[in-house]
Amino acid sequence: MRFLRNSHQRLLAYTKLLTSYVNQGHHHQALTLFSQLFSSPDLALDPYAFPLALKSSAALHLPHSVALIHAHAVKAGLLSNPFVASALVDSCGKCISITSARQLFEECPQRNVVVWNAMISLYSRSNDITNALRLFELMDVTPTESSYNSIIASLAESDDGSSRALGFYRRMQGSGLKPNLITVLALLPACVSIGSLNLIKEVHGFAMRHHIQLHSHLSSGLVEAYGRCGCLIDARKIFDQMPERDVVAWSSMISAYAFHGNARIMMSLLQKMERDSVRPDGIMFLSVLKACSHAGLADDALEYFELMTKHYGVEAGSDHYSCLVDVLSRAGRLNDAHEVLQGMPVKATAKAWGALLGACRNHGEVGLAEIAGRALFEIEPENAGSFVLLSSIYAAAGKYEEAERVRRQMEERGVKRMPGSSWFISRKS
């Protein structure tokens, strides 16, 4: 009995150590300890250790380790344990494949809501909205907040998915579940996408009424949301009330001012940010450049780009250059945009060349359109849009032979146009 008690005490101590390793991100040590425990003849591992080892395996992206733990769990009859099963499904989807995770999900003898949520979350994170929604409708257990949250977040981040995300949020409310912090964070991008100030205020009010703490992520999200909708006073009020402001919070507030062309206030905030020992990064300046692009502030974008690279020494990436090309193209400064594309130290993206080609159509610039079109044909040889756009530019300029040549080139390459489609939002009273 004493031997058993000592073994149990040792197992508890080792499990606490294993938990500590995983929580602190010491995943190699965690897997080494798990291996030692598993090979120890006088210790019988409890199910709690398996999810910990799987979490470390997924963090290190070790598919072989996940497969071994899976085999051990099956041999030990632990697949019926919902917490082991959910950890297996999650790690399998992250390290091996979604298909393998789904097969494992189907093999689980007892699937509680945690197991269902793990599979739905995998589909949502991989932007497979169709399967995520299909699986949600098949649930034979009562959905939880997490069941809804993963789908809301995925819909909010997808193209044209904002209205569907808000609809799913209403469905969640109708089911009697209370949205939580994760729900609110997921909803804000959807509110910004459709530009609904009333919905932003609703989400903000809900968070306050239900005492959802305005920590940095939520506060930064609200600052960005209010700022994008033009409520700079509300955005600044939340920003000023934040006890601690990281680079994300500063980026949200600065981008809001840049979006609405308030360069003077933005520059003063940058200086205040420096005084607070928060150094701007590339992500912050990318937000600023995107804001300038939306607002059509070409000169400001050039100034901020130079400030980023020369004053702060932040290395510009392809996304920064793409934003710069986009804002110059929108302003009709096509030669300046082309010079940026030619001088880029990184490979120009299809997005950057596409911005120039689209602007060439708006301004009737054929010469640069030919250059942009050829670049796009190499980068995206199967994208029919580039061929069609260049052909229409030729036709608008009266160069019908060139337009026909581009269409023939498109046919010879086997590039086909996608059929047109349209959509609308139905608002029921």
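A residue is called buried when its relative accessible area is under 20%, exposed when that area is over 50%, and partly exposed in between, with a 1.4 Å probe and protein chains only. This report applies that scale to a predicted model, in which local features need pLDDT of at least 70, side-chain atom pairs count only at pLDDT 80 or more, and totals for chains, interfaces and linings use all residues. Residues are numbered from 1 along each chain as its sequence is written, and side-chain values use heavy atoms, with hydrogens and water left out.

## Salt bridges

A salt bridge is a side-chain nitrogen of Lys or Arg within 4 Å of a carboxyl oxygen of Asp or Glu. Across the whole structure, a search finds 12 salt bridges.

Glu106 and Arg102 both belong to helix α6, where they stand four residues apart, about one turn of the helix. Glu106 has 44% relative accessibility and therefore counts as partly exposed; Arg102, with a relative accessible area of 22%, is also partly exposed.

Arg170 is partly exposed, at a relative accessible area of 39%, and Glu202 is partly exposed at 27%.

Helix α24 (residues 400-412) holds both Glu404 and Arg407, three residues apart, about one turn of the helix. Glu404 is partly exposed at 33% relative accessibility, and Arg407 is partly exposed with a relative accessible area of 38%. Elsewhere, a network of salt bridges links Asp90, Lys94 and Arg125.

## Aromatic rings and charges over them

Rings of Phe, Tyr and Trp (its six-membered ring) pair if their centres lie within 6.5 Å; planes under 30 degrees apart count as stacked, over 60 as edge-to-face and the rest as tilted. By this rule, the structure has nine aromatic pairs. In one of them, the ring centres of Phe239 and Trp250 are 5.1 Å apart and the ring planes stand at 75°, so the pair is edge-to-face. Phe239 is in helix α14 (residues 232-241) and Trp250 in helix α15 (residues 247-259), so that the pair links distant parts of the chain, 11 residues apart. Phe239 is buried at 1% relative accessibility, and Trp250 is buried at 0%. Phe136, Tyr148 and Phe168 together form one aromatic cluster.

A charge sits over a ring if NZ of Lys or CZ of Arg is within 6 Å of the ring centre and within 35 degrees of the ring normal. Phe239 takes part in such a contact, with the charged end of Arg245 over its ring, 4.6 Å from the centre. Arg111 likewise lies over the face of Phe105, at 4.4 Å from the ring centre.

## Helix α2

Helix α2 (residues 27-39) contains 13 residues. From its first C-alpha to its last it reaches 18 Å, close to the expected 18 Å at 1.5 Å a residue, where the expected span is 1.5 Å times one less than the number of residues. Its buried residues are His27, Ala30, Leu31, Leu33, Phe34 and Leu37. They cover an arc of only 160° around the axis, which puts them on the same side of α2; the arc is that of the directions from the helix axis to the C-beta atoms. His28 and Ser39 are exposed on the other side of α2.

## Cysteines

A disulfide is a covalent bond between the sulfur atoms of two cysteines. Here it is identified as a pair of cysteine sulfur atoms within 2.5 Å, and the count by this rule comes to zero. Cys292 is in no disulfide; the nearest cysteine sulfur is that of Cys323, 9.3 Å away. Cys323 is likewise in no disulfide, its nearest cysteine sulfur being that of Cys292. Cys292 is buried at 0% relative accessibility, and Cys323 is buried with a relative accessible area of 6%.

Technical notes:
Helix = DSSP H or I, 4+ residues; strand = E, 2+ residues; numbered from the N terminus.
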